[in-house]
Amino acid sequence: MDQSSNGNGKSELYYAQLHLYKHIYSFISSMALKSAVELGIADVIHNHGKPMTLNQLASSLKLHPSKISVLHRFMRLLTHNGFFAAIKKKTGGDQEEETTYYALTPPSKLLVRGASTCLASFTDRYPLCMDMWHSSKKWFTEDKDLSLFESANGDNFWNMLNKDPESHKWMSLFQEAMEADSQMFKLALKDCKHVFEGLETLVDVGGGTGVVAKLIQEAFPDIKCTVLDQPKVVGNLTGNKNLNFVGGDMFKSIPHADAVLLKWVLHDWNDELALKILKNSKEAISGKGKDGKVIIIDILIDETSDDHDLTELQLNFDMLMLTVFNGKERGKKEWEKLIYDAGFSSYKITPICDFKSLIEVYP
Ligand SMILES: C[S@@+](CC[C@H](N)C(=O)[O-])C[C@H]1O[C@@H](n2cnc3c(N)ncnc32)[C@H](O)[C@@H]1O
């Protein structure tokens, strides 16, 4: 085979192999991160209050002494991937010897359990969501509009979560991960306060355990918020004077309000079902006439972006939504079509935290 060379003298074949291996083995970086979270490495360094040596780390983690060299290799990868910083200090009288101290970095600070914003629960892997990938070939040959999850496991994600005691644990983990992500909304809220100004009532549809509603209330104490979610999620939750939890089904009806918030909800559903939610949202704000609005917070894929990593992350989320929920992340044209098909007249996009966008939709 004729292999062309690039300017650096390295063959195309070399880069092709590198590219393939990088993607084939990228799951290892992901699983090493999961192991670090399970071990509680970020927690131990955080609790120590200052950077730690490998031996201090191994001892605090109560590892078997035979695993110190294993820990070293994990830390080497995790440090390379930006989760820890390795600080080298000269030690010993002659200052010839160096000792490495491991410190937290901004991403691992987000893994410290108990911190106000902890995203550690996102590293939990629901086994049914991993194992299903072995059935993807079968899924591609089926003439059924099922998610890969449903094709492999015989039922959809929400039913499986609600079904048995083992899955209950995953429902809690799922809600924990959603709550953690919602805490990040605090940052976004600072930049988009104007979106909520002047509202008297708001219903957070698929609002989970109410983390976002509470953050909105902190910033706007006079807004009366209703959180609509599945009875299993909100059944035991109690609100306050201005916060009300309602167990229901957004496909049937949505309580009336000045505004409907749909944060990380529409991406769980295909166009047909997302349209149903949007139409019900339009009905819910109808009492406010032209002053009502629907506020969507979701990913807006921009394949033309120069930020390759960001687009890759958004496309990975699209795969996640497709395979687990038969849902989708949408680009601008897809959002526009959905919004106009639901009968709205205009919309305004505000990017928040790069990763997601806020779309105000008007009747
Ligand atoms: C991806 S989560 C998003 C949660 C929250 N909005 C957030 O941003 O953290 C989707 C939510 O939709 C809820 N949900 C699913 N089906 C629903 C239905 N038919 N009616 C109301 N809520 C539903 C789920 O229980 C879950 O809390």
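This is a predicted model: local features need pLDDT of at least 70, side-chain atom pairs count only at pLDDT 80 or more; totals for chains, interfaces and linings use all residues.
Strand 1 and strand 3 (residues 97-104) run antiparallel and are joined by two bridges. Met52 has Tyr102 of strand 3 as its bridge partner, and Thr53 has Tyr101, also in strand 3. The pairing of strand 2 with strand 3 is antiparallel and covers eight bridges.

Another open sheet has seven strands, in the order 6-5-4-7-8-12-11, and its pairing is mixed. At its edges are strand 6 (243-247) and strand 11 (346-352), each of which pairs on one side only. From one strand to the next, the twist averages 20°.

Strands of a sheet pair through backbone hydrogen bonds, in either a parallel or an antiparallel sense. Strand 7 (residues 259-263) and strand 8 (residues 293-298) pair in the parallel sense, over five bridges. In this pairing, Ala259 has Lys293 of strand 8 as its bridge partner.

Helix 13 (residues 211-219) lies across strand 4 (201-205), strand 5, strand 6 and strand 7. Helix 13 runs at about 175° to strand 5.

Helix 15 (residues 271-284) lies across strand 4, strand 7 and strand 8. What angle does helix 15 make with strand 7? Helix 15 runs at about 155° to strand 7.

## Around the ligand

How many residues surround the ligand? The shell has 19 residues, and the closest are Met178, Gly206, Gly208, Met250 and Trp264. Two elements give two or more residues to this shell: helix 11 (165-183) and strand 5 (224-229). Helix 11 gives the most, with three residues.

By class, nine residues of the shell are nonpolar, five are polar and five are charged.

## Two residues with positive phi

Trp264, one of the closest residues to the ligand, lies in the loop between strand 7 and helix 15. Trp264 is not a glycine, yet its phi is positive, at about 55°. Is Trp264 buried or exposed? Trp264 has 20 other C-beta atoms within 10 Å, so Trp264 is buried; the cut-off for a buried residue is 20 or more.

Asn326 is found in the loop between helix 16 (308-325) and strand 10 (330-331). Asn326 has a positive phi of about 60° and is not a glycine either. Asn326 counts as buried because it has 20 C-beta neighbours inside 10 Å.

## The chain as a whole

The secondary structure of the protein chain consists of 17 helices and twelve strands. The C-alpha trace spans about 80 × 60 × 45 Å along its principal axes. Of the 363 residues in the protein chain, 28% are buried. Among contacts in the protein chain with a separation of 6 or more, 57% are between residues 24 or more positions apart.

The domain assignment divides the protein chain into domain 1 (12-111) and domain 2 (131-362). How far apart do the C-alpha centres of domain 1 and domain 2 lie? The distance between these centres is 35 Å.

Key. Residues are numbered from 1 along each chain as its sequence is written. A residue is near a molecule or strand if its C-beta atom, placed from the backbone, lies within 6 Å of it. Helices (H or I, at least four residues) and strands (E, at least two) are DSSP runs, numbered from the N terminus. Ala, Val, Leu, Ile, Met, Phe, Trp, Tyr, Cys and Pro count as nonpolar, Asp, Glu, Lys and Arg as charged, and the others, Gly among them, as polar. Two strands pair if DSSP finds at least two bridges between them. A residue is buried if 20 or more other C-beta atoms lie within 10 Å of its own, exposed if 12 or fewer, and partly exposed in between; C-beta atoms are placed from the backbone. Two residues are in contact if their C-beta atoms, placed from the backbone, lie within 7 Å. Domain bounds come from an automatic or database domain assignment. Axes are lines fitted to C-alpha atoms, for helices over the stretch in contact, and angles run from 0 to 180 degrees between N-to-C directions.
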